[in-house]
Amino acid sequence: MYRYDEFDHAFVSARVEQFRDQVGRRLSGELAEDAFKPLRLMNGVYLQLHAYMLRVAIPYGTLNGRQMRMLAHIARKYDRGYGHFTTRQNIQYNWPALSDTPNILADLASVEMHAIQTSGNCIRNVTADHFAGAAADEVADPRPYAEILRQWSSVHPEFSFLPRKFKIAVTGAERDRAAIQVHDIGLHLKKDDQGRIGFAVYVGGGQGRTPMIAKKIRDFLPEEDLLSYTTAIMRVYNLHGRRDNKYKARIKILVHETGAEVLAGQVEQEFLQLKNTELKLPDADIAAISAYFAPPALGERPEGWANLASWKKADPDFARWVHQNVAPHKNPDYGMVTISLKPIGGIPGDATDVQMEAVADIAEDYAFDEIRISHEQNIILPHVALADLEAVYRGLVATGLATANAGLITDIIACPGLDYCALANARSIPVAQEISTRFGDPERQANIGELKIKISGCINACGHHHVGHIGLLGVEKKGAELYQITLGGSGDETTSIGEIIGRGFEPEKVTDAVETIVDTYLGLRLSKEETFLAAYRRVGPQPFKDALYGAKEQEAA
Amino acid sequence: MSDKVLTANRLSDGISVWLDAAGNWGESLQDAFIARHAEAVSALEAAGKTAFADNKVVDVNVIEVVEVDGVLRPLRLRERIRAEGPTMEYAPGYKGLHHVAAV
């Protein structure tokens, strides 16, 4: 993984001391709230319902055991013993005191982490496929390019005051595990006919109150042009993006109002001016950054095949976990492990300090000290020998992290919702907990198969409800919570925005509604192989409407 | 007119607080000073502005409450959750959707 150089260390340390001074002046009354608020936001400090919240960046979701231990330490020393991993591969702490935040940032800096650009109208943490560098279907590792973008965009003077926040995602495989088509810029790493590395470039995707699927404006951008082309996009956005209305300020609105073709033309024109400038990436620089992401030396471990077969035979729970939470690695002696942060009835994305330390131990002992956070709010160990899976599993069981539900109906994404968030209109977490409890039986989940439920507590869509196979959006109606259901959304290479199925449901009825939808699917699927999404795309919304609302109600409406 | 109390978040640690009759900011809604007429609400608003200007608290708001059998309860769910904390256990565990704050 990337290691800070002297410049990085000096920059992050200076930023901590600058913020320490700002916090000191705020607490003494020298700085007023209006002056201080933008400064704290630039350092990831929000004010939520119950307390401040600190969002810490985990660049492209990659960290090591030492860093995970520091996240645990912060949870224990400065917070209430837990943290919340987010849909942008970051971690949030829900209870830090403002007066402690400089010390927290100093602790983070000691392990090469920070909270810069986790808020504000700037380029946010660049996200990537959580299986990067390990997936069997990968063309190339997206993380070196995400790191290049991170370095280029960090406190970039031209792009620190954009019309609105800006999110970039990179994937390195045909299978899109980074939801690139719902990002401001989505980069799909690929090879052209001559085997050169480059990107398909998507622009103007996003969720929030106006969900949009990104438009592809370049089929193939050579890797050396990554920064010059991205700069061209940013310049067009910075110049033409709307600043008169916060809700129309994202680049998706600009793409929509300008038209993708016209916008692509503007970008190409800007790109022509930038193409052969200092922004062109030299091969040597790409190679130097790529070297940080060299895969670990994976020795041959063929004994794992036989071991695995006998362990699975002896322990059905272990077999289920392997089946559901271990994916094929590019090296057949290894697997990619998903550590589910979705215990049945638990809080999606939350981990205690003890659990974080257990993950750090396991990663150091069995996974080459590599850890990832997925945008689906789980933890990934990308390189685990099949021969070590049993030991890893036992370690996870001991700390309550062995739930075998990756990709199943209880692997729910949920934003913090009204239990924490100042923007929310309704709760998300308790809804996720109730659905998870209802469908928690392993046999039932396995029978339902792949089904992604995503829950947001307000229209800002941090819980990605627009791209949930079943999406739930919490709203406030007449002072009470109501949950609007969308069906058929997807955040993969076949991205689609879910369709609103009908009137919303009260909190005590929403789990029943989800169950009705699931039962309807089970009744109409052609076979067990036809997933919920495939079935929905085949039959459309009507059977689900009929089941939820009945013919009479629909007629009356 | 519904009863009103003054709430904010403490500057130093962000914790939710309510203004009591002695002019102190405490962590319990139940100790809050209740404004029952327009003049009292104006006094609350003035106290909020002063406390904000004095850098004691941030995000100051007058909120509506009802008092039933001596227990204060905010009208909005958002404020009930602010007063009582998240409606589930923080660490893994399940309380259900029908926690007291929600009903």
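Two residues are in contact here if their C-beta atoms, placed from the backbone, lie within 7 Å. By that rule, 32 residues of chain A are in contact with 26 residues of chain B. This is a predicted model: local features need pLDDT of at least 70, side-chain atom pairs count only at pLDDT 80 or more, and totals for chains, interfaces and linings use all residues. Residues are numbered from 1 along each chain as its sequence is written, while chains are lettered from A and ligands numbered from 1 in the order in which they are written. Helices (H or I, at least four residues) and strands (E, at least two) are DSSP runs, numbered from the N terminus.

**Where chain A touches chain B**

- On the side of chain A that touches chain B, α14 (429–438) and α16 (507–524) each supply at least two residues.
- The largest share of that side, five residues, comes from α14(A).
- Sorted by class, the side of chain A that touches chain B has 15 nonpolar, 10 polar and seven charged residues. Ala, Val, Leu, Ile, Met, Phe, Trp, Tyr, Cys and Pro count as nonpolar, Asp, Glu, Lys and Arg as charged, and the others, Gly among them, as polar.

**A helix pair: α3(A) and α12(A)**

- Two packed helices are described by the angle between their axes and the distance between the axes.
- For α3 (65–78) and α12(A), the axes come within 8 Å and cross at roughly 170°. Axes are lines fitted to C-alpha atoms, for helices over the stretch in contact, and angles run from 0 to 180 degrees between N-to-C directions.
- The crossing angle makes α3(A) roughly antiparallel to α12(A), a label for angles over 145 degrees.
- Residues of α3(A), including A:M68, A:L71 and A:A75, meet residues of α12(A), among them A:M356, A:V359 and A:A363.
- The residues of this contact divide into eight nonpolar, one polar and five charged.

**Strand β4(A) and its partners**

- Two strands pair if DSSP finds at least two bridges between them.
- β4(A) pairs with β13 (350–352) in the antiparallel sense over three bridges, and A:Y82 stands opposite A:T352 in β13(A).
- β4(A) also pairs with β5(A) in the antiparallel sense, over two bridges; here the bridge partner of A:H84 is A:Q92 in β5(A).
- A:Y82 and A:H84 point one way from β4(A), A:G83 and A:F85 point the other way, and all are buried. A residue is buried if 20 or more other C-beta atoms lie within 10 Å of its own, exposed if 12 or fewer, and partly exposed in between.

**Two positive phi angles**

- A:Q89 is not a glycine, yet has a positive phi of about 65°.
- This residue sits in the loop between β4 (82–85) and β5 (91–93) of chain A, in a hairpin with five residues between the strands.
- A:Q89 counts as buried because 26 C-beta neighbours lie inside 10 Å.
- A:F368, also not a glycine, has a positive phi of about 55° and lies in the loop between α12 (353–366) and β14 (371–373) of chain A.
- A:F368 is partly exposed, with 19 other C-beta atoms within 10 Å.

**A five-stranded sheet**

- Five strands of chain A form an open sheet in the order β16-β17-β18-β19-β20, with mixed pairing.
- β16 (413–414) and β20 (499–500) stand at the edges, each with a single partner strand, so one side of each is left without a neighbour in the sheet.
- Eight bridges join β18 (470–477) to β19 (480–487), which run antiparallel.
- A:I470 has A:L487 in β19(A) as its bridge partner.

Conventions
Angles under 35 degrees count as roughly parallel, over 145 as roughly antiparallel, 65 to 115 as roughly perpendicular and the rest as oblique.
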